[in-house]
Amino acid sequence: MSGKLNVVLTTLLVGCALSVVNARYQRNHLVNDLEKLASQQRQLDIDWAQLQLDQSTLGKNERIEQIARTELNMAPLSPARTQYLMEGAR
Amino acid sequence: MKAGASGSRVAAAKGVAFTKSPVLAVRLPDWRSRVVLFVLFAAFAALAGRALWVQAMDNQFLQKKGASRYMRTEELAATRGKIFDRNGMVLASSLPVKSVSAFTEDIKGTPPEKLRELARLLEMPEADLLKKLGSDRSYVYLKRQVEMDVIAKIDKLDIDGLDTRKEYKRFYPQGEVMTHMVGFTNVEDVGQEAMELAQQKALAGQPGSRRVIKDRLGRIVEDVGMQREPHDGKDLHLSVDSKLQYIAFNSVKDAVEKFHAKAGAAVVIDVHTGEVLALANWPTYDPNNRAHLTGEQLRNRVITDTFEPGSTLKPFTVALAMDKGLIKPTTLFDTGTRPYMTGGHPIRDTHPHGVIDVSTIIQKSSNIGTTKISEMLTAQEMWQMFTKVGFGQAPRYGFPGAAAGRVRPYKSWPIVAKANMSFGQGISMSLLQLAHAWLIFARDGDIIPLSFQKVTEKPVGQQIISPKTAAQMRTMVESVVGPGGTAPQAQIAGYRAGGKTGTAQKVIDGRYSQTHYVGNFAGMVPMSNPRFVIAVMIDDASGPVHTGGGVAAPTFAVLAANALRAANVPPDSTVTDIIIPEHPLEESN
């Protein structure tokens, strides 16, 4: 009886030990994945900052005005050629 | 045979069997084996004790040694907060870059063509590079804040002894347009000017570190714990509006060039929230390239420079007298035709105006008129008024270097001081203080604190004059901009505008100069429901015109017209043709 119990317990013990090893292995992988994602997040943050910067640089009023004037031949509107639409007015 | 057989196993000489040999019968003393046993036991006990000691009692040393073989301390970088304008446009942002440095010993064997290529990538003369590499020190910085795409090319050169370290560089996409509002940081990422300096604490990040376990391939497999939590800097949302700022900046720049002035400045304030929407200076500088920076470029004339505004201050004395019930807009004053003597000093008007009412005193900017009104007030009353609207008071804008201006204590005012201050002499302030004070006319007589950051809550005002007086003053300052006033050039097609001109003689070597002037204009638009208070200052215009009405008023008109359009403010006037008299009235000072 006691011999059988010992066999069961030993098997259980070995099983537990192996599962600990396995769990550790899994953990290492997950931690590694987490780190990868964290560094990806950092990189995306940097990209986002870069894009915001580009937006601001490219959307600079100075640049838009210059392009509008030289490339698109636009002119600022003047009140002389503006029609104001008023409610109730003819 | 038997004896012979047994005899072969017996020592021949003694005839004794081996097992019975007397040599074997010699017994060692008992204590010797015990001693050996004890010594062995003691040695094992010592080993066990030592093992217990290093593993259980004093285990730190070994643990440290062990940890150092697989644990690493990882630095966790923190970025400086970004700065945005009120519409979420980035004004300042930090990106990772690298510094390039070299171990001078290790780099010696590098072929010269590689060094030439390195010098080209670092944008420095080859001679400079070689000089740096030939230095006595073992480690030298070659260039800091090198952008990542350049670093990638440098890495490809594969030069021994070259070292790159991560750092941050601050970028200012709006450049010179916004720099007097935003400021800049130095190479260590510490704010040096304007909001970067004022908000240094909030913007700066706090780098941290943590302990990790790395495996053979350098992958992190366990996060042991944080040593110091990293904190990124807080983002800052300014009150400034990129569009209005650009408009203000261009108006000032164009005006300085057109009127051959030394400098110019303008500020736009939101009447409802007290937010500074635009703050422009010329000359200026590019914060991304500060190699040849001069003090003139750095000066923020809106905030740190004080000047005597001149007639722009007249409405304050007049409003005070009206608020106290001493005069009405229709009260008549005889401004005469000759200089008016007060305290032994003559007060002059550029044109004789004769008998005119208070509205006309403001419209025509009569010095004698405001002098007579100031005589009805006590010095203390005037001083209180100036102090309450912030003149001579240390400003609390949260902006570095903000000037307080100067208002002398009323007890030391000479007799002529009241007259002088009524038309803005002998009292100095910054353009921002002037614009701030003008809020009392644009609002219903109360003043609210200014803010350089986006305001989310309705500010609480402090009542200075009654709403009725403020309304009356608005009518008066609107007439200034009309054809009969001193600033017809401040008219804006489609909108009603109001304001007051000022032309101050500059104080040079303690005396009022007759040739150097500061032309300024403070006003509000649109008059039906004021939205912006705008103040413009043109310093030392050397062209044919130099007065506030001549240089600052047209600048105000351009600025205001574009600002109103950009802010989608509906027109409140059907007048689209501006009438500017051929010889507009000049103001007295």
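Tutor: Leaving aside neighbours within four places in sequence, A470(B) is in contact with I440(B), F441(B), R443(B), D444(B), G445(B) and I465(B). Please keep in mind that this is a predicted model.

Student: What makes I440(B) a contact of A470(B)?
Tutor: Two residues are in contact if their C-beta atoms, placed from the backbone, lie within 7 Å, and I440(B) is on the contact list of A470(B).

Student: Where does A470(B) lie, and is A470(B) buried or exposed?
Tutor: A470(B) lies in helix α19 of chain B, residues 467-481. The cut-off for buried is 20 or more other C-beta atoms within 10 Å. A470(B) has 23 C-beta neighbours inside 10 Å, so A470(B) counts as buried.

Student: How do you know whether F307(B) is buried or exposed?
Tutor: The test is the one with 20 or more other C-beta atoms within 10 Å. F307(B) has 23 of them, and therefore F307(B) is buried. You will find F307(B) in strand β11 of chain B, residues 306-307.

Student: Which residues does F307(B) touch?
Tutor: Not counting residues up to four places away in sequence, F307(B) touches S428(B), A504(B) and V518(B). By contrast, the C-alpha atoms of F307(B) and G343(B) are separated by 24 Å, although 36 residues apart along the chain.

Student: What makes β6(B) and β7(B) a pair of strands?
Tutor: Pairing asks for at least two bridges. Strand β6 of chain B, residues 208-214, and β7(B) have six bridges, in the antiparallel sense, so they meet the definition of a pair. One bridge takes K214(B) to its partner I220(B) in β7(B). The two strands form a hairpin with five residues between them, and G218(B) in the turn has a positive phi of about 80°.

Student: How do you know that β1(B) pairs with β6(B)?
Tutor: The same cut-off applies, at least two bridges. β1(B) and β6(B) have six, again in the antiparallel sense. R211(B) in β6(B) stands opposite T73(B), and R211(B) also stands opposite G225(B) in β7(B).

Student: What is the order of the strands in this open sheet, and which are the edge strands?
Tutor: The three strands have the order β1-β6-β7 in chain B, with antiparallel pairing. The edge strands are β1 (71-76) and β7 (220-228) of chain B, as each pairs on one side only. On average, neighbouring strands of this sheet are turned by 30° against each other, direction ignored.

Student: Which strands does β3(B) pair with, and over how many bridges?
Tutor: Set each count against the cut-off of at least two bridges. Strand β2 of chain B, residues 83-84, is joined to β3(B), residues 90-103, by two bridges. Strand β5 of chain B, residues 162-171, is joined to β3(B) by 10 bridges, and strand β4 of chain B, residues 139-146, by five. Each count reaches the cut-off, so each is a pairing. β3(B) runs antiparallel to β2(B), to β5(B) and to β4(B).

Student: Which residues show these pairings?
Tutor: I83(B) has A92(B) in β3(B) as its bridge partner, S101(B) stands opposite D163(B) in β5(B), and A102(B) stands opposite V140(B) in β4(B).

Key:
Residues are numbered from 1 along each chain as its sequence is written. Chains are lettered from A and ligands numbered from 1 in the order in which they are written. This is a predicted model: local features need pLDDT of at least 70, side-chain atom pairs count only at pLDDT 80 or more; totals for chains, interfaces and linings use all residues. Helices (H or I, at least four residues) and strands (E, at least two) are DSSP runs, numbered from the N terminus. A residue is buried if 20 or more other C-beta atoms lie within 10 Å of its own, exposed if 12 or fewer, and partly exposed in between; C-beta atoms are placed from the backbone. Axes are lines fitted to C-alpha atoms, for helices over the stretch in contact, and angles run from 0 to 180 degrees between N-to-C directions.
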